[in-house]
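Hi,

Here is the structure we talked about. Please take a look at it, then read the notes below.

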Amino acid sequence: MPARAFVFDAYGTLFDVHAAVSRHRDAAGPEADRFSEVWRTKQLEYAWILSAAGHYLDFWTLTERALDYAFARFATVDRALRAALLDCYFKLDAFPDAQATLQALKARGMKTAILSNGSPKMLGAAVENAKVGGDLDAVFSVDTIRIYKPRAEVYALVTDAFRLAPADVAFVSSNRWDVMGATAFGFRCVWVNRAGMPEEYPEFAAVKVVRSLDALTTLEL
């Protein structure tokens, strides 16, 4: 049976996590790209470690702390950029093909949703900025259960709300670890591998690997 819902990770999949630093690349200086990578890496690391230890802080707090860590690592990046970078992260740019892809899936009769580590306030701002709210049936945040991906309880937010079996859900993420967790839960997963990264977690392979979101418009799952 074909998938009945397409559910998307938010950060890195629909929204460009490096857009904040990109908007201030000149001011950030020659280490801007490395700075942005460390910011993102620490943001995720904090979420995983807290979940493993049985604790929770909302994703915005982790985003702020990860940014402060990045500033501590890269003395060449002016800390005066902190407020501007956080404002940009709150209103991240969507990837150019995000809205058209969601609209095409809705036209095929699919349910569409976001399932994200982001806090409700963060996700609301990103969705509004990208003007994709009308193309989504739901936005699910881990904040409701206070635990982060890739725990199975997170993916169950979708199946419980939509009253679907895991196999009825096509899950789309640019994060290979997220694809692993969702595959283990039973979703049919699509890995958006924009950067051509090497395969990982072979026991939890994606059903499809694509290089862009618009490839989903003709994909049969």
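**Core**

Phe6, Phe8, Tyr11, Phe15, Phe35, Trp39 and Leu115 touch the most other members of the largest nonpolar core, which has 77 residues. Such a core is a set of buried Ala, Val, Leu, Ile, Met, Phe, Trp, Tyr and Cys residues joined through side-chain atoms within 4.5 Å. Buried means under 20% relative accessible area, exposed over 50%, partly exposed in between (1.4 Å probe, protein chains only).

This is a predicted model: local features need pLDDT of at least 70, side-chain atom pairs count only at pLDDT 80 or more, and totals for chains, interfaces and linings use all residues. Residues are numbered from 1 along each chain as its sequence is written, and side-chain values use heavy atoms, without hydrogens and water.

Beyond its neighbours within four places in sequence, Phe8 has contacts (heavy atoms within 4.5 Å) that include Leu14, Leu105, Phe171 and Leu216.

**Glu220**

Glu220 counts as exposed because its relative accessibility is 60%. Pro2 is 218 residues away from Glu220 in sequence, yet their C-alpha atoms are 7.2 Å apart. Leaving aside neighbours within four places, Glu220 is in contact with Arg108 and Lys208.

**Pocket**

Which residues lie nearest the centre of the largest pocket? They are His18, Glu37, Ser174, Asn175 and Met197, out of 24 lining residues. The lining divides into twelve nonpolar, six polar and six charged residues. Here nonpolar covers Ala, Val, Leu, Ile, Met, Phe, Trp, Tyr, Cys and Pro; charged covers Asp, Glu, Lys and Arg; the others, Gly among them, are polar. A pocket is an open set of points on a 1 Å grid over the protein atoms alone, where a 1.4 Å probe fits, with protein on both sides within 12 Å along at least five of seven lines; lining residues have an atom within 4 Å of a point.

Best wishes
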